[in-house]
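Hi,

Here is the structure I said I would pass on. Have a look at it first, and my notes come after it.

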Amino acid sequence: MAILEVRDIHTYYGNIQALKGVTLEVEEGEIVTLIGSNGAGKSTTLRSISGLTPPREGSIVFRGQDIAFMPPQEIVRLGILQSPEGRHCFQRMTVRENLELGAYLRRDRQVAEDMERVFDLFPRLKERERQKAGTMSGGEQQMLAIGRALMGRPRLLLLDEPSMGIAPILVERIYETIAEINRQGTTILLVEQNANYALGVSHRGYVLETGTVALADASDRLRENPDVQRAYLGA
Amino acid sequence: MGATVQELLSKYGLIALLLVLPVVYGIQDLRDDGNLAGIANNLFDGLSNGAIIALIAVGYTLVYGIIELINFAHGEVFMIGSFTAVAFWGLIGLGLGSSVIGLVLGLLLTLLVAMATCGGMNVMIERVAYRPLRGAPKLAPLITAVGMSFILQNVGLLWLGGSPKSVDDLIRAQDDLFTVIGINVSRADLLAFAVTVPLVVLLTLFVTRARLGKAMRATAQDPEAARLMGINVDTTISLTFLIGGMMAGAAGLTYALYQTTIWFFQGFQAGLLAFTAAVMGGIGNLRGAVLGGLIIGCIQQISDNRISPSWTPAIVFAYLILIMVFRPQGLLGEETREAG
Ligand SMILES: Nc1ncnc2c1ncn2[C@@H]1O[C@H](COP(=O)(O)OP(=O)(O)OP(=O)(O)O)[C@@H](O)[C@H]1O
Ligand SMILES: [Mg+2]
């Protein structure tokens, strides 16, 4: 059974319609990617799932519960955490404080353990523990944003363009870590413009065009699709 | 060459600027009296006066920090705090004949009531006048803030009339308690510090250590990211208004006891000074607001006593302008605000 089912959602920014009926599914344990060009509606889809810009129509069912009209904090409580586009680290707080805020809703005692786990995944963050997020490089802030989302013990992790503005060598490292996070049992919905990396790491993919799903298939088949190659893989 | 001069100016110019008044009048004291007692007393009174301004300034800065709104009604919340305090202590029968124990307990109770009233009122103001305009252009809530300010001023006007009203001098505010190194410490001074210091310390601890305090800082820095952490941003904003209002309520009681005169216009005057203090210290910065309040208190006292009370507003604002020219972000403000 799918852990997340998005059915025909329509999302608006004021009068501007950004999503014109998006439907997609994520199965437990999968990495699913959402690719598409600028303005296709990838971020808006993630924002709708997180409750930042709730859809006006349609439904979003997470583990059997309709979350489309829940406030963001309830959605986080259910276990959907997002590393947003542009990272959005708390600039004037330290790395450690940022990570602690990722666990804001948690009351259990394993927070310290999870922080160690994040430091294992991103040793760079351990070195920078007491540094203010705003003084770190873009790549380091990206690691922090992912680590911060992990601190909430996600059942579903939403990643919005983890490769944006980062040197290729570091992108590769971040993608290895994403695969590792998934191997450790976290389901991931990944948004990317960099389709090469995204289709490399994911099991299935959706291609978004102007607010609707244009194509849905297994990732390796999408990589061989001539249309996808022309439009998104620069072939 | 030009760059180093500018750097030196911005670093030491500011300190020099702040020291001009005390040094000039200190020298004058030494020449005339042979000691520094005069200027020392001015500065000490300035600090105790400034402590009240600081309590109000904290409310401006917290609210600005979290929703980038200048809550023009904040000065009026403080005024209502004074009115409520005086009405309440009358209600429980505090008067010039009350025993010391009765007075202390009664005033503590009055403090709680004033803080609760103003905190609650500030939360309501946000709900009614600012929250519905959250998505609107910045100018809209600014105008409703001005409107709220006038409405509350009129409430004060209807409540106690248009002229200053003197209230019972419950603590015999101007009596000196003791003198150290030539500084006369009055009961009013002690009161101002006894209220302000613990409150500011508690507030600082709350904002830096408590879970909700961290939520406040997170919301101030990046509301959208705060939402993604599971922070309820609406609740956090309400909490900010609650705390700011509570500080204004405490300032209201302190002011009534300290000045022994209250009137509907006090909120505008003190509010303007407190807002200036918040800007001077770096708006959005808690320690900055306190520092700004203390500095303005001192400038005010020196000007009132040494120059002329009628020059005081001009001198305070001349200082504000000079400080802003040297440091546009305020004394303790961040160099830049991060994007998004
Ligand atoms: N805050 C906003 N106000 C108005 N319109 C918006 C807003 N944010 C996004 N849009 C519009 O919604 C559409 C989808 O935007 P979205 O950010 O979801 O695209 P995207 O696929 O994530 O693009 P990118 O790859 O550039 O991040 C675009 O047409 C965009 O202009
Ligand atoms: Mg996007």
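Below is what I found, starting with the ground rules and then going from the ligand to the two chains.

This is a predicted model, so to speak of a local feature I needed pLDDT of at least 70, and side-chain atom pairs count only at pLDDT 80 or more, while totals for chains, interfaces and linings use all residues. Residues are numbered from 1 along each chain as its sequence is written, and chains are lettered from A and ligands numbered from 1 in the order in which they are written.

Ligand first. There are 13 residues around ligand 1, and those that come nearest are A:Tyr13, A:Ala18, A:Lys42, A:Ser43 and A:Thr44 (a residue is near if its C-beta atom, placed from the backbone, lies within 6 Å of the molecule or strand in question). Both β2 (16-27) and α1 (42-50) of chain A supply at least two residues each to that shell. Helices (H or I, at least four residues) and strands (E, at least two) are DSSP runs, numbered from the N terminus. The largest share, three residues, comes from α1(A). By class, the shell splits into four nonpolar, seven polar and two charged residues. For the classes, Ala, Val, Leu, Ile, Met, Phe, Trp, Tyr, Cys and Pro count as nonpolar, Asp, Glu, Lys and Arg as charged, and the others, Gly among them, as polar.

On to the sheet in chain A. Six strands make an open sheet with mixed pairing, in the order β6-β7-β8-β3-β9-β10 (two strands pair if DSSP finds at least two bridges between them). At the edges sit β6 (80-83) and β10 (212-218) of chain A, each pairing on one side only. From one strand to the next, the twist averages 20 degrees. Inside the sheet, β7 (residues 156-160) and β8 (residues 187-192) of chain A run parallel and are joined by five bridges; A:Leu158 has A:Leu189 in β8(A) as its bridge partner.

Two helices pack on this sheet. Helix α6 (residues 138-150) of chain A touches β6 and β7 of chain A, at about 170 degrees to the direction of β6(A). Axes here are lines fitted to C-alpha atoms, for helices over the stretch in contact, and angles run from 0 to 180 degrees between N-to-C directions. Two residues are in contact if their C-beta atoms, placed from the backbone, lie within 7 Å.

Elsewhere in chain A, β1 (residues 2-13) runs antiparallel to β4 (residues 57-62), with five bridges between them, and A:Arg7 stands opposite A:Ser59 in β4(A). Two bridges then join β4(A) to β5 (residues 65-66) of chain A, also antiparallel. That hairpin has two residues between the strands, and A:Arg63 in it takes a positive phi near 45 degrees.

A:Asp8 is not a glycine but has a positive phi of about 50 degrees; A:Asp8 is found in β1 of chain A. A:Asp8 is partly exposed, because 14 other C-beta atoms lie within 10 Å (20 or more would be buried, 12 or fewer exposed, with partly exposed in between; C-beta atoms are placed from the backbone). A:Arg153, not a glycine either, has a positive phi of about 50 degrees and is found in the loop between α6 and β7 of chain A.

Now chain B. Its helices α6 (residues 187-209) and α9 (residues 233-259) have axes that come within 9 Å and cross at roughly 170 degrees. Residues making the contact include B:Leu191 and B:Val195 of α6(B) and B:Met247 and B:Ala250 of α9(B). By class, this contact has 11 nonpolar, one polar and no charged residues.

Finally, the interface: 15 residues of chain B are in contact with 18 residues of chain A. On the chain B side, α7 (211-221) and α8 (223-228) each supply at least two residues. That side divides into six nonpolar, four polar and five charged residues.

Cheers
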